[in-house]
Amino acid sequence: MPSTADPGVIPVSHERAAGLEVTIRPARAEVFMLSLPMVRTFRSAYGQSGGRKRLIVVRLEDQDGTPGWGEAPIAERPRYCTDTAESTWSALTGLLLPPLIGQSFAGPARVTDTWADIMGQNYARNAIECAAWAIASAKLDVPLTRLWGGVRDAVDVGESFPICDTPEELLAEVGARLEEGFGRVKLKIAPGWDVAAVRAVRESFPGVPLSVDANCGYSLDSGPWPELDDLGLVMIEQPLAGDALIEMSQLQQALRTPLCLDESASSYNTTRTALRLGAGRIVNIKPPRLGGVLTSMAVHDLCLREQVPAWCGGTLETGIGRGFNLALASLPGFTLHSDMSPARLFYDQDLVEPTFDIRPDGTVAVPTQPGNGFPVVPERVAAAAIRRWSSDTRA
Ligand code: OSB
Ligand code: MG
């Protein structure tokens, strides 16, 4: 259990949020499977995604009519995690949502207690928990950042740059984003696209905080570790397989550059184990991967206690998911730039209006609106839906 010894010095966000009392009575739920056209392809060590993006959106409605929206930013193929569009759909509509309808819960944490005996389904869990939080926030008329113990009204953001065909193309993209104010450059790397690309960016933009994300693409013996270690990177994110904690620890011991846990930070206990083993010195916290906001806060509290820098990662969310990520990133332990690029960089239209964008000072404002951070446009969700489910017709 996270320590509650001195909440005056270290805010224990998880306990505070889990103890929040506000009655939530889910009267109906709707689930939308979306297919959104993407404005650019996203290539990483996992391969290429592009064309259209699958995405699942959940709408929960309280008995008093208050709506809350959540998002499951699932990928086309289960490469980053095991959840798929179909597994998430089936978990939402068959397993997790039906038992909630018509019940009364004393707070968001009591909603998630309902699934205490179920393993996995992290993207589905997170989508519903987020919807419940949006309802709680709207009913209390208090923005999420305040419910969760946020300490800042703006978040420093960086951009995650996909693998390009040529270094020139990458340099043009990086230059454009730096002009817009992004304060940290994270380059996706994979065998064949690593040291030369990173060096090109380092030489063209010498002072910029630079990191790389290998998405599990290397082994202990196969990576260009000494070369990467000499480039002054802020971090090397997930160089080895997510469960290769022993090898990650060996690699960390051989490098000066901090390793960052992404795929390895798959649960609270696994993150704790990884940190204890020295498998990394920075944690990327992502609510969908961790299966919810409360678990993300528990990991945040762990990082604060152990003085491990953390930041909020992304999974190409629309403004629905980013609204929650921004509120989360306002917590005190999120001390490094978060992956929070606006939806315009991936989608021709966001699902929220107004959406957010980066400001010239390199920050994105933390939403101050109660409920969903950004107003969801139901017509846009409906227009992009290729499949729908409602608790009304399945009850
Ligand atoms: O590894 O951080 C990752 C996107 C999808 C899945 C995994 C990752 C990413 C990104 C994009 O790097 C970050 C973003 O949402 O802006
Ligand atoms: Mg990553």
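Strand β1 (residues 26-37) and strand β4 (residues 52-62) run antiparallel and are joined by 11 bridges, strands being DSSP runs of E of at least two residues and helices runs of H or I of at least four, numbered from the N terminus. In this pairing, F32 stands opposite V57 in β4. Helix α4 (residues 122-140) lies across β4 and β5 at about 155° to β5, where angles run from 0 to 180 degrees between N-to-C directions of axes fitted to C-alpha atoms, for helices over the stretch in contact, and contact means heavy atoms within 4.5 Å.

The model is predicted, with local features requiring pLDDT of at least 70 and side-chain atom pairs counting only at pLDDT 80 or more, while totals for chains, interfaces and linings use all residues. Residues are numbered from 1 along each chain as its sequence is written, chains are lettered from A and ligands numbered from 1 in the order in which they are written, and side-chain values use heavy atoms, leaving out hydrogens and water.

The magnesium ion (ligand 2) is coordinated by D213 (OD), E237 (OE) and D262 (OD) at 2.1 to 2.3 Å; donors are N, O and S atoms within 2.8 Å of the metal (3.2 Å for Na, K and Ca), and the site may look incomplete because water is not among the atoms. D213, in strand β8 (residues 210-213), and E237, in strand β9 (residues 236-237), are 24 residues apart and link distant parts of the chain.

H337 is placed in the loop between α13 (319-328) and β13 (338-339). Beyond residues up to four places away in sequence, H337 touches D156, V157, G158, G183, R184 and W311.

Definitions and conventions: Pairing = 2+ DSSP bridges.
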